[in-house]
Amino acid sequence: MSVCLCLSEPDSVGLQVFVRKVIELHDKYLAYVSDCFQNHTLFHKALKEAFEIFCNKGVSGSSSAELLATFCDNILKKGGSEKLSDEAIEETLEKVVKLLAYISDKDLFAEFYRKKLARRLLFDKSANDDHERSILTKLKQQCGGQFTSKMEGMVTDLTLARENQTSFEEYLGNNANANPGIDLTVTVLTTGFWPSYKSFDLNLPVEMVKCVEVFREFYQTKTKHRKITWIYSLGTCNLIGKFEPKTMELIVTTYQASALLLFNTADRLSYSEIMAQLNLTDDDVVRLLHSLSCAKYKILIKDPNTKTISPTDSFEFNTKFTDKMRRIKIPLPPVDEKKKVIEDVDKDRRYAIDASIVRIMKSRKTLCHQPLVMECVAQLGRMFKPDIKAIKKRIEDLISRDYLERDKDNPNLFRYLA
């Protein structure tokens, strides 16, 4: 059996169309197998082999694992391009999970999906909680409980965070001295479930310092054994901007808000002054200043008036800024997380290969190189297709760390060191 698909437009819309066409193609050939060939195992095997070949090839620089995760995100988030009924969404998700069975890099899909799920949950972009739980149930049935454990933890975490916020509001109501000064919502998350995020010691504006201290005091009344790490890069703020034409509400990130609030006490600030006062990296300062002075909404006036940010630039508040809307959202330039996801997956694979080798050797005590490699490939095959060279490298690393040793007479024979 052979299948053929052509993709003419390598943009995000074209890639969404590609996944939709793959689903349609799978439906077509599955109908042939069931209706014309009485579900014969030989034809099911041919269908599986055909889809495994082309489903594991890259498309326009993206892997099929990433495309499926992006396709699911587009269906499940608010404002996605796929406008479907609840029944159609359930049916489509079922078919996506079936396609996942043909993908060898299931761990890569899991990491891309987890990143996108995190954004949907944290920024209230999820269209329907029932659909979120439904696809996790389908993935769990297809790939096992370990595959979805972190994702399920994220969904549960957010429910607990809402309860925690309610407790915080009650605490504020019962303690007259505990006044954060601003409306504050804090989402408390469990580190192990969520993707890792950069955590910088952002120098918070004085307007925000008090609210952080108040929440810390509240949290200590609940538990003294947990440490809170503030991830300011995920925060959002609603600021009231008083411009000469009119007052407007600005929806910005915590980083952007911290930069804008500096101009409450200064008319003009240089790039280096902003960087020093915020205590952020060059990359983060460039991104946030670009969003505020070079993008659609020019809240800051940049000198010189160019389209790029450089360390010699200076900035001042644009008092004459106006817009037809009274409430505007100022986004930060998007960051391509693909490289970071692939690096994280590679790191996790090293740990998985190590664990598999140790597990095999612990039960066998001694084993030759070839059977060890084959058994390792078989164990890990459900999640990803391990590279033989990577397995050899991990064996050498385990020998150097005294988990294994080579036999003196036969270098291809390994012995487990208890």
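Accessible areas here come from the Shrake-Rupley method with a 1.4 Å probe. I note at the outset that the model is predicted.

**Entry 1: the whole chain**

I looked up the surface first. The accessible surface of the chain is about 23,600 Å². Carbon and sulfur atoms hold 52% of that surface. I then checked burial. The chain has 418 residues, and 41% of them count as buried.

Next came the extent. The C-alpha trace spans about 75 × 55 × 50 Å along its principal axes. For secondary structure I found 14 helices and nine strands.

I also looked at contact range. I took contacts between residues at least 6 apart in sequence. Of these, 65% join residues at least 24 apart.

**Entry 2: α3 against α5**

I turned to one helix pair. Two packed helices are described by the angle between their axes and the distance between the axes. Helix α3 covers residues 64-76, and helix α5 covers residues 106-122. Their axes lie 8 Å apart, at an angle of about 25°. Angles under 35 degrees count as roughly parallel, so α3 is roughly parallel to α5. I recorded the crossing of α3 and α5 as right-handed.

Which residues make the contact? From α3 I listed A65, E66, L68, A69, T70, C72, D73 and L76. From α5 I listed L108, F109, F112, Y113, K116 and R120.

Nine are nonpolar, one is polar and four are charged.

Note on methods: Residues numbered from 1 in each chain as written. Predicted model: local features only at pLDDT ≥ 70, side-chain atom pairs only at ≥ 80, totals over all residues. Heavy atoms only, no water. Axes fitted to C-alpha atoms, helices over the stretch in contact; angles between N-to-C directions. Helix = DSSP H or I, 4+ residues; strand = E, 2+ residues; numbered from the N terminus. Parallel < 35°, antiparallel > 145°, perpendicular 65-115°, else oblique. Left-handed = near helix turned anticlockwise from the far one by under 90°. Contact = heavy atoms within 4.5 Å. Nonpolar A, V, L, I, M, F, W, Y, C, P; charged D, E, K, R; others polar. Buried < 20%, exposed > 50% of the residue type's maximum accessible area, 1.4 Å probe, protein only.
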